[in-house]
Amino acid sequence: MLGFLKPAEGCTVDQEDGTPWPADGMDAPNTLFVRRRIACGDLIEAERPVLEPADPEEEAEPPIVPEDETPEIDPPAGATETKTPSRSRRSNGEK
């Protein structure tokens with residue numbers, strides 16, 4: 001990546017695939033096409049916009065519940081515990 005670039009003032013720049021370069025800027029791939037746009041002045045370096053969370057309460061961590069308040073979960077009726085069978089392993093000498 002070459003960094004965050006946006007079109008120069010008054011310029012409209014197309015990307016390699018023909019779609020317009022966003023006016024707010026975007027991360028630029030390190031390609032000959034982009035380097036030529038920088039060299040001719042069509043693309044300039046820009047500061048990456050800071051995105052603030054939409055709702056700060058949503059990003060807060062969930063409350064920690066003390067162990068003594070954690071409810072016990074009873075297994076369903078008829079459920080039994082299963083054990084994982086051990087694996088048979090060879091020693092380095094056996095082949």
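**Basis.** I note that this is a predicted model, in which local features need pLDDT of at least 70 and side-chain atom pairs count only at pLDDT 80 or more, while totals for chains, interfaces and linings use all residues. Residues are numbered from 1 along each chain as its sequence is written, and side-chain values use heavy atoms, with hydrogens and water left out.

**Surface.** I recorded an accessible surface of about 9,000 Å² for the protein, with 49% of it belonging to carbon and sulfur atoms. The areas come from the Shrake-Rupley method with a 1.4 Å probe; for residues, only the protein chains shown count as cover.

**Elements.** I found one helix and three strands, in the order β-β-α-β from the N terminus on. Helices (H or I, at least four residues) and strands (E, at least two) are DSSP runs, numbered from the N terminus.

**Strand pairing.** I counted strands as paired if DSSP finds at least two bridges between them. β1 and β2 run antiparallel and are joined by three bridges; Phe4 has Asp27 in β2 as its bridge partner. Three bridges also join β1 to β3 (residues 43-45), again antiparallel, and Pro7 has Leu43 in β3 as its bridge partner.

**Loop residue.** I located Thr12 in the loop between β1 (3-7) and β2 (26-28). Thr12 is exposed, at 73% relative accessible area. Its C-alpha atom is separated by 7.9 Å from that of Asp42, 30 residues apart along the chain.

**Contacts.** With contact meaning heavy atoms within 4.5 Å, I looked at pairs at least 6 apart in sequence, and 51% of these contacts join residues at least 24 apart.

**Cysteines.** I searched the whole structure for disulfides (cysteine sulfur atoms within 2.5 Å) and found zero. Cys11 is in none, and the nearest cysteine sulfur, that of Cys40, is 7.8 Å away. Cys40 is likewise in no disulfide. Cys11 is partly exposed at 30% relative accessibility, and Cys40 is partly exposed at 47%.

**Ring and charge.** I found Arg37 over the face of Phe33, at 5.0 Å from the ring centre. The rule requires NZ of Lys or CZ of Arg within 6 Å of the ring centre and within 35 degrees of the ring normal.

Key
Buried means under 20% relative accessible area, exposed over 50%, partly exposed in between (1.4 Å probe, protein chains only).
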